[in-house]
Amino acid sequence: VAAGHSRVYVGLADSFAIDVFGLDGTRQRTIQRPSVVRRATSTDVERFKLLDTAGRSQRDNAATVKAWTTMQFAQTLPPYSALVVDVYDHLWVRVFPGADETTAAWIIFSPDGVAIAHIALPLALEVAEVGADYVLGTETQVHTGIKRVKVFRLTRTRTSSLP
């Protein structure tokens, strides 16, 4: 779920279909892209386990690790893993990265649902805010769990939807 100035985006990540609602609750459209089914590999599962336990004590992780013995992991990767709305009401969608990827791909949609840009950001970056000329987030060091605030300069090209 992500909320903008004039709309709310809701997606389940079981397919690349994100429903768009006005602030009054009326459904406006669905943003869709062809879903490419990507099989989850053992490397994807190992990366999930590493990220799921990063920066936590052995005691805190004991129940998590025990649950893995009975857990059935997903057979496929979801199409996306995050939604963020920027200052111009553009929707940023983070494509779910596979274990072999070194950056996170983002697709940016205009307020009317048209894909207008792609950008690659650091894989460990959790985007919190996208302004007119910056991307702000926290980057987590995988092995320690330490989070650091990161700000990246963003240069936009001029489009009709920008002021």
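1. Basis of the note. The model is predicted, so that local features need pLDDT of at least 70 and side-chain atom pairs count only at pLDDT 80 or more, while totals for chains, interfaces and linings use all residues. Residues are numbered from 1 along each chain as its sequence is written, and side-chain values use heavy atoms, with hydrogens and water left out.

2. The largest nonpolar core. A nonpolar core is a set of buried Ala, Val, Leu, Ile, Met, Phe, Trp, Tyr and Cys residues joined through side-chain atoms within 4.5 Å; buried means under 20% relative accessible area, exposed over 50%, and partly exposed in between, with a 1.4 Å probe and protein chains only. The largest such core has 14 residues, and the members that touch the most others are Tyr 9, Ile 18, Leu 83, Leu 91 and Val 93. Two or more residues come from each of β3 (17-22), β5 (80-85), β6 (91-95) and β7 (103-109), and β5 gives the largest share, 3 residues. Helices (H or I, at least four residues) and strands (E, at least two) are DSSP runs, numbered from the N terminus.

3. Leu 91 and the second core. If neighbours within four places in sequence are left aside, Leu 91 is in contact (heavy atoms within 4.5 Å) with several residues, among them Ala 2, Tyr 9, Ile 18, Ile 31, Leu 83 and Phe 109. A second, separate core has 11 residues, including Val 84, Trp 92, Leu 121 and Leu 125.

4. Asp 44 belongs to helix α1 (residues 42-53). Asp 44 is buried and yet has no salt bridge, since the term requires a side-chain nitrogen of Lys or Arg within 4 Å of a carboxyl oxygen of Asp or Glu. The nearest side chain of opposite charge is that of Arg 47, 5.6 Å away, where Lys and Arg count as positive and Asp and Glu as negative, and His and the chain ends are not counted. A polar atom of the Asp 44 side chain does, however, lie 2.7 Å from the backbone nitrogen of Ala 99. Residues up to four places away in sequence not being counted, Asp 44 touches Arg 39, Leu 77, Gly 98 and Ala 99.

5. Salt bridges. The structure holds 6 salt bridges, including one between Asp 19 and Arg 27, whose closest N and O atoms are 2.6 Å apart. Asp 19 is partly exposed at a relative accessible area of 23%, whereas Arg 27 is exposed at 52%. Within helix α1, Lys 49 and Glu 46 lie 3 residues apart, about one turn of the helix, and their side chains meet in a salt bridge at 3.8 Å, N to O; Glu 46 counts as partly exposed, with 47% relative accessibility.

6. A link between distant parts of the chain. Asp 86 and Arg 156 form a salt bridge in which the closest N and O atoms are 3.1 Å apart. The two residues are 70 apart, with Asp 86 in the loop between β5 and β6 and Arg 156 in the segment after β11 (147-153). Asp 86 counts as buried at 2% relative accessibility, while Arg 156 is partly exposed at 24%.

7. Aromatic pairs. Rings of Phe, Tyr and Trp (its six-membered ring) pair if their centres lie within 6.5 Å, and planes under 30 degrees apart count as stacked, over 60 as edge-to-face and the rest as tilted. The structure holds 4 aromatic pairs, among them the edge-to-face pair of Phe 48 and Phe 73, with 5.8 Å centre to centre and 70° between the planes. Phe 48 lies in helix α1 and Phe 73 in the loop between α2 (58-68) and β5, so this pair ties together parts that are 25 residues apart in sequence. The rings of Trp 92 and Trp 106 are also edge-to-face, because their planes stand at 65°, with centres 6.2 Å apart. Trp 92 is in strand β6 and Trp 106 in strand β7, 14 residues apart in sequence; Trp 92 is buried at 2% relative accessibility, and Trp 106 is buried with a relative accessible area of 2%. Ring pairs also link Phe 16, Tyr 80 and Phe 109 into a cluster.

8. The first residue. Val 1 sits in the segment before β1 (2-3) and is exposed, with a relative accessible area of 73%. Beyond its neighbours within four places in sequence, Val 1 is in contact with Val 8, Tyr 9, Val 10 and Leu 83.

Conventions: Polar contact = N/O pair within 3.5 Å; in protein donor to acceptor, adjacent residues only side chain to side chain.
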